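Trainee: I have a new structure to go through. Can we work through it by question and answer?

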Amino acid sequence: MKALVCFLLLLLLLATLPSPTRSFEFPAREMADLIDQTCRLTPFYDLCISSLRSDPESGAADVRGLARIMAGSVLATASRTLDRIQELLGQAPDPETERPLAYCAELYIPVVKYTLPQAIEALGKGQLGFAVYGLSDAGKEAEECEKNLSGQGGSPVTEGNELVRNLVDVAVAIIEILQRSF
Amino acid sequence: MQNSPSHTNAPYTLLPEDPSPARPPASSRRPVKVFAATAASVVFLTSLVMLIVNQSPETPTESDHPPRSDPLTSRATTSFSRDAGRLPTGVSQGVSAKSYPSVRDRLSYNWTNAMFAWQRTAFHFQPEKNWMNDPDGPLYYMGWYHLFYQYNPDSAVWGNITWGHAVSKDLIHWLYLPLAMVPDRWFDAGGVWTGSATLLPDGRIVILYTGDTDESIQVQNLAYPANLSDPLLIEWVKYPDNPVIVPPAGINPEEFRDPTTAWMGPDGTWRILVGSKVDGSGIALIYQTSNFTAFEAQPGLLHAVNGTGMWECVDFYPVSTNSSNGLETSVVGPGVKHVLKASLDDLKKDYYAIGTYDPVSDTWTPDDPEADVGMGLQVDYGRYYASKTFFDQNTGRRILWGWINETDTDYDDLAKGWASVQTIPRVVTFDNKTGSNILEWPVEEVESLRLNSTEFDDILVEAGSAVLLDIGMATQLDISVEFEIEGSDALEALEEPEAIIECATAQNRTTLGPFGLLVLADKSLSELTPIYFHIAKSTNGSLTTLFCADETRSSKALEVFKKVYGGPVAVLDDEKFTMRLLVDHSIIESFAQGGRTVITSRIYPTEAIYGAAKLFLFNNATGVNVTASLEIWQMNSAFIRPFPLEEM
């Protein structure tokens with residue numbers, strides 16, 4: 001009898017205890033929903049999710065904040081790609097390899113120095129058209145770099161160029177969500 | 001050796017009575033997508049034409065507020081015909097004539113909206129409407145190329161001049177911004193006229209421009225960006241204590257304008273030039289400053305040339321003689337020469353000469369005094385004026401802008417609602433093969449507009465014949481062509497000497513030419529524009545090659561000003577005859593021998609428009625055949641439009 005009462009009390013206790021997983025689930029599902037919902041409207045869902053989730057601030061961000069985080073990813077990727085290009089140039093390659101790499105560096109330098117920082121600032125000020133223009137331009141420069149390199153029997157920075165272009169497509173898609181809601 | 005020139009069974013003449021060319025269209029190796037592109041453009045153009053035809057006819061623009069300058073803007077167009085003796089626009093205000101009214105105004109062609117609409121260019125910079133002239137203050141800053149330009153916001157003729165403003169990331173895709181400066185102060189009430197920008201080492205930007213004061217005196221004013229952290233440089237501030245330079249004693253206050261970009265002297269202070277005239281000699285006055293607010297007139301002149309008249313839009317810049325890189329405006333030293341250029345008010349032509357600058361005495365001496373500024377080389381032998389260069393520190397190039405006016409009438413411009421175009425920006429380098437001229441070449445960014453291409457290899461164009469090139473649409477093209485003359489050596493002796501070596505109509509046949517392209521030509525050749533080489537023999541036996549554009553049969557419209565343009569071009573021993581043409585509706589830019597000689601043309605066909613415009617090779621020589629190889633790209637539009645400046 002005592003065992004049964006204990007058992008029942010235990011059950012009662014368990015029943016009244018707030019379920020830890022359930023309560024954390026509730027707010028977390030809402031945040032994931034926004035990132036999830038947003039990324040569903042972009043051409044590269046997985047890339048969008050992984051990019052946004054890797055930023056700790058994405059959890060609390062609204063769509064405008066997500067757009068800024070994504071534009072920041074574009075800048076970070078473009079910077080890394082430019083670093084890689086300059087590293088390869090520093091290895092003193094033969095002229096045939098050097099020329100297209102130097103051309104790529106010339107394309108990426110204004111993108112990293114001016115275009116993307118200006119686009120990010122424009123996002124902060126609500127100048128969505130300006131931001132889209134700058135991001136699209138960055139994507140075009142990456143494409144132009146890739147076109148020039150690919151003829152050289154494979155491109156050492158192909159991954160970077162493709163990533164920049166895909167991130168640009170995602171960022172522009174997110175901004176278009178903002179543009180539609182006004 | 002054969003004495004009689006070979007010719008085809010149907011000798012080719014360029015007269016309208018002889019409509020059919022001798023040969024069927026040339027076939028080519030053609031990518032499959034050309035057909036799709038052609039089909040698509042036909043569909044697009046058909047719908048465009050239908051759209052235009054359905055619109056109600058346009059009425060010419062009339063100015064709302066009383067124009068302080070040009071009386072033309074306040075008149076209805078119907079009264080033009082009463083006005084046979086009026087001045088060209090601009091002259092009474094003290095600038096060079098900006099148009100040529102003629103009695104032919106009342107003979108204006110019966111233009112349709114479709115014809116006018118066709119004249120708008122697809123990839124050259126022009127505002128959405130109204131009048132534009134000189135390019136101003138070009139610069140590169142924080143990722144953007146800036147172009148300012150003389151602009152009348154109220155009418156399609158010159159007047160009420162403001163600084164228009166546009167930006168681009170690549171010198172091709174331009175976005176319109178709000179007006180940078182308007183004539184709202186006493187020191188520029190008559191117009192915010194031409195000026196230049198200087199980028200200072202500390203990152204500041206200064207602009208010096210000519211203001212026409214409320215008493216029609218030409219003064220030089222300072223302006224600078226309101227906010228250097230705005231990459232678009234939208235807002236500008238005029239220095240409150242303007243003007244910073246007034247006409248000095250001995251200089252006509254209506255002949256003192258167009259300050260240049262500054263360069264730094266050995267003493268660490270800046271110098272600029274302002275063009276003027278004394279006793280019929282064009283002169284470049286020097287002013288020195290350390291802060292751009294206080295200027296000191298230098299006692300001497302940088303240079304002067306007798307008999308050349310007023311020098312407008314003076315430009316002065318270094319070129320490298322041993323590399324193809326551009327040079328920042330202050331560079332001096334070994335391996336550097338300086339170009340001095342002036343727009344001659346009297347002739348409406350841009351002349352330049354290459355020489356040596358002495359920074360200690362602040363003087364410049366031409367390499368060839370017989371070909372001094374205004375006497376020798378022209379920047380462009382066509383309809384071209386007010387050119388200005390700047391150093392693009394982003395890519396290390398010296399880039400040249402030039403204003404292309406209309407050659408139709410004010411009446412036509414008011415009817416169609418706009419006037420003038422800028423060239424595609426050109427890279428300027430020193431031609432170290434000849435050592436005596438510059439080369440101009442369209443910036444490579446224009447190639448991003450190339451769509452599909454068609455190649456033709458070794459097409460034989462027999463003496464006295466034309467060959468239709470089957471490329472589909474022929475109104476937006478980038479053409480590269482090279483010609484070889486067959487058996488020219490033996491025929492040199494047959495060439496008749498010419499007393500005056502100058503471009504004449506392409507109908508003048510000689511043994512060795514002319515040969516080239518027929519652009520914006522309809523199938524029956526009722527309208528055509530030959531762009532060609534003409535090899536002339538002077539009375540002393542030497543051969544000169546001329547590069548020419550013959551506009552005399554370019555349009556059936558009588559009021560359009562049509563002449564033959566062109567100049568000499570050096571063709572070196574190891575070179576073929578090469579041309580590059582950018583065809584963009586009513587503008588053609590033609591470059592010979594890699595840009596040694598350039599001709600810009602304005603063409604207003606009434607028939608050879610839209611799908612009726614064709615491209616031919618031609619050879620009007622009597623004595624030789626010519627073979628030609630070409631690559632021809634269809635060109636996309638640059639979609640020049642307003643900057644997306646909306647706020648949330």
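Mentor: Start at the end of a helix: helix 5 of chain A is followed by Gly126(A), whose phi is positive, near 80°. Keep in mind that this is a predicted model.

Trainee: Where is helix 5 of chain A kinked?
Mentor: Helix 5 covers residues 95-125 and has 31 residues. The helix carries a kink of about 45°.

Trainee: What distance does helix 5 of chain A reach from its first C-alpha to its last?
Mentor: At 1.5 Å a residue, 45 Å is expected for helix 5 of chain A. The model comes close to that value. The span is 44 Å.

Trainee: Pro93(A) lies in the loop between which helices?
Mentor: Chain A runs α-α-α-α-α-α-α from the N terminus on. Pro93(A) touches Leu88(A) and Glu98(A), leaving aside residues up to four places away in sequence. The loop that holds Pro93(A) lies between helix 4 (63-90) and helix 5.

Trainee: Why does Pro93(A) count as partly exposed?
Mentor: Buried means under 20% relative accessible area, and exposed means over 50%. Pro93(A) falls in between, so it counts as partly exposed. Its relative accessibility is 24%.

Trainee: What is the area of the nonpolar surface patch that includes Leu4(A)?
Mentor: Leu4(A) lies in helix 1, residues 2-16 of chain A. Leu4(A) is partly exposed, at 48% relative accessible area. The patch is made by Met1(A), Leu4(A), Val5(A), Phe7(A), Leu8(A), Leu9(A), Leu11(A) and Leu12(A). The patch area is about 830 Å².

Trainee: How many helices and strands are in chain B?
Mentor: Take chain A first: seven helices and zero strands. Chain B has strands as well as helices. The count for chain B is four helices and 38 strands.

Trainee: What percentage of chain B is buried?
Mentor: In chain A, 42% of the 182 residues count as buried. Chain B has 648 residues. Its buried share is 60%.

Trainee: Which residue does a cis peptide bond join to Asn242(B)?
Mentor: Most peptide bonds are trans. Here omega is about 0°.

Trainee: Where is Pro514(B) found?
Mentor: A cis peptide bond joins Gly513(B) and Pro514(B), with omega about 0°. Pro514(B) lies in a loop of chain B. That loop runs between strand 28 (497-498) and strand 29 (515-521).

Trainee: Is Phe292(B) buried or exposed?
Mentor: Phe292(B) is in the loop between strand 12 (281-289) and strand 13 (295-305) of chain B. Its phi is near 70°, a positive value in a residue other than glycine. Its relative accessible area is 2%, and the buried class is under 20%, so Phe292(B) is buried.

Trainee: What is the phi of Leu525(B)?
Mentor: Most residues other than glycine have a negative phi. Leu525(B) is buried, with a relative accessible area of 3%, and lies in the loop between strand 29 and strand 30 (529-538) of chain B. Its phi is positive, about 60°.

Key: Residues numbered from 1 in each chain as written. Chains lettered and ligands numbered in written order. Predicted model: local features only at pLDDT ≥ 70, side-chain atom pairs only at ≥ 80, totals over all residues. Heavy atoms only, no water. Helix = DSSP H or I, 4+ residues; strand = E, 2+ residues; numbered from the N terminus. Buried < 20%, exposed > 50% of the residue type's maximum accessible area, 1.4 Å probe, protein only. Expected span 1.5 Å × (residues − 1). Bend = angle between axes of the 7 residues up to and from the residue. Patch = residues over 30% accessible without salt bridge, like charges linked within 9 Å, V, L, I, M, F, W, Y side chains within 5 Å. Areas by Shrake-Rupley, 256 points an atom, 1.4 Å probe, with all protein chains shown as cover. Salt bridge = Lys/Arg side-chain N within 4 Å of Asp/Glu carboxyl O. Contact = heavy atoms within 4.5 Å.
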